[in-house]
Amino acid sequence: MAESDLDFSFLEGIDWWHLLTILVLIVGAAFIAKLLTIYLKKSLTDKIKRSQLDLLIKVVNYSVLVLAALMLLPIFEVELGGLLVAGGFLSIVIGIASQSVLGNLISGVFLIVERPISIGDNISIGDVAGDVADLNIFSTIVKTYDGVYVRIPNETVFTSAITNYVAHAARRFSYVVGIPYDADAGRAIEIIRAVIDEHPFALKNPEPSVYVDELADNSVNIKVKIWAPASEWWGVYTDLLWKIKAELERNGIEIPFPQRVVWFQNELALRKGLRVGEAATPVPAPEPTFPETGADSAAPPDPDAEGDEGR
Amino acid sequence: MYGTHDLPFHYETDGFSLDFEHESGRYLYRRELNGSRKEHLLLSSGGRVIVNPVEPLNLPKSICHALLVEFDPLSIEPGARSTVYLTFPVEIGVFVAGRGNLEVLDIFSWNAPKYTLYGASDGGTIARYWKSPTYAAPPDLDPLREGLLALTISNTTRDWVELSRVVLESIGMKIYYDDALVSMQARMRLVSTMVAETSFRDRPFEEGQKKALELYLGRVLAGVERSRFLMDQGL
């Protein structure tokens, strides 16, 4: 086996004292970073936003880390100037070798500059939806609504369509409320408006919009559009729908089930619909009328005719 | 009811009761208002309770930093300065004081909270909404329900300006109270027909009124708090 060409001569100058110093520096840096994190959390949690606090903690932690690393360099007899040149070359080599990593890094920088999302935002990227748990330089961490950790590379985030549900101060959501055809739609709209007005987070302005939207198969559909603070919209959405339903029912307006009116063509069909042993109430058969057109002037089918068994 | 009281303390009126009951070395706080009820256990050997109006932006939970008071449209002539009297909703804070420290125990109100959006949905501000009549002189108000907002409007423009709302920043909101009146004084400086700046006066409306403990002052870093609101999305 060929002897390694790597030069480890700088390690010869390291003795136990140096090792102890390195250990103390690493442990000390970790301890100081932890201490500062706890202090910042204690003193600033109720004073600044969570996302700003997380960013501040991250900056402080990285600063302590860099400071500790710089303090370690003299032990290894590393000159800072040489290190910068070597680091420059090394970053070019690494960049070419790992383009996707570089892509993620650059995307991360652009995301930080553009700031389409912040920590805590309620977002959807591709098929991932949830709250932004962390924004790193290479990736974005999303906690889905099921509490699942999802790491999305920043390049994917940057090139995907991002939906941020809480970027604006307020957002609108809507329901479709079906009422029976024989109910008073005007009264139903009044009731729905009253329920919305009572809710603190259903915004006064922009005004909610409630109107008859569709004469559907089974119901008259009322469209309800409500604005809510972006941070509260889900709570309002889940809260109001049931309240609207309950209030409508309290006022005698039932939400209808799907229903269909079936007309039988003749008396036979009615009789055949009865079970065996059930006595049929004699119903006078309506006189069928047919238009006096040539094509339709054929006689109606004979109820007692052969061949009806298959119907 | 407002003021500083020694524990135990009890207050009762129609449909409302507030009670600090001492039992076996601890205090049980109970508050009932129109059927809603709150209880809290205090592990304290004694102390004092402070009941005073607080910034009306806490119920059902704190989601914004602005109070929007809407009133009937009024117009003010160019260069004029005038004071109108409006009302604002009162929220009442119960604080416990012990060993030099204060803790908010409860916030309640007789008024149903409602929120609104000032401005557009993308650049606007969520604000607590309150509809007020406009008075030419200070009206008689129930200090447990409504406070008096003395709003001094200065029109610095050369045009008549029509306005129907004022937006006030919660930080820097100065509320004063006594047993008969809860008040705050605000300024509205109209800098154009569409833009105004609002701020507060830190002084009682009447002699002898006490300054209420502020909730929103302690929630910001010293030196970076905003105490003015720029109404740049319509008056």
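K131(B) counts as partly exposed, at 42% relative accessibility; partly exposed lies between buried, under 20% relative accessible area, and exposed, over 50% (1.4 Å probe, protein chains only). K131(B) meets E70(B) in a salt bridge, with 3.7 Å from N to O. A salt bridge here is a side-chain nitrogen of Lys or Arg within 4 Å of a carboxyl oxygen of Asp or Glu. E70(B) lies in strand β7 (residues 66–76) of chain B and K131(B) in strand β12 (residues 125–131) of chain B, so the pair ties together parts that are 61 residues apart in sequence. Strands (E, at least two residues) and helices (H or I, at least four) are DSSP runs, numbered from the N terminus. E70(B) is also partly exposed, with a relative accessible area of 26%.

The structure is a predicted model: local features need pLDDT of at least 70, side-chain atom pairs count only at pLDDT 80 or more, and totals for chains, interfaces and linings use all residues. Residues are numbered from 1 along each chain as its sequence is written, chains are lettered from A and ligands numbered from 1 in the order in which they are written, and side-chain values use heavy atoms, with hydrogens and water left out.

Other salt bridges in chain B share partners. Together they join E21(B), R30(B), E32(B), R37(B) and E39(B) into one network. E39(B) is partly exposed, at 42% relative accessibility. R30(B) is partly exposed as well, with a relative accessible area of 25%. Over all chains, the whole structure holds 19 salt bridges.

Chain A has 311 residues, of which 30% count as buried. Its secondary structure comes to eight helices and eight strands. Contact means heavy atoms within 4.5 Å. Of the contacts in chain A with a separation of 6 or more, 60% come from residues 24 or more positions apart. The accessible surface of chain A is about 21,500 Å², and carbon and sulfur atoms account for 62% of that. Accessible areas follow the Shrake-Rupley method with a 1.4 Å probe; for residues, only the protein chains shown count as cover.

An unreviewed UniProt entry lists residues 175–255 of chain A as "domain: Mechanosensitive ion channel MscS C-terminal". This span is 40% helix and 27% strand, and its end C-alpha atoms lie 13 Å apart.

A nonpolar surface patch on chain A is formed by V101(A), V109(A), I112(A), V113(A), I137(A) and F138(A), with about 490 Å² of accessible area together. Patch residues have over 30% relative accessible area and no salt bridge; like charges are joined within 9 Å, nonpolar side chains (Val, Leu, Ile, Met, Phe, Trp, Tyr) within 5 Å. V101(A) sits in helix α4 (residues 99–114) of chain A. V101(A) is partly exposed, at 38% relative accessibility.

Chain A and chain B bury about 1,600 Å² between them, with 63% from carbon and sulfur atoms. Buried area is the accessible area (1.4 Å probe) that two parts lose on being put together, summed over both. Chain A gives 20 residues to the contact and chain B gives 17 residues. One salt bridge crosses the interface of chain A and chain B. E232(A) and K61(B) form a salt bridge, with the closest N and O atoms 2.9 Å apart.

Terms used: UniProt positions are given in the numbering used here, feature names are shortened, and annotations may be inferred rather than shown by experiment.
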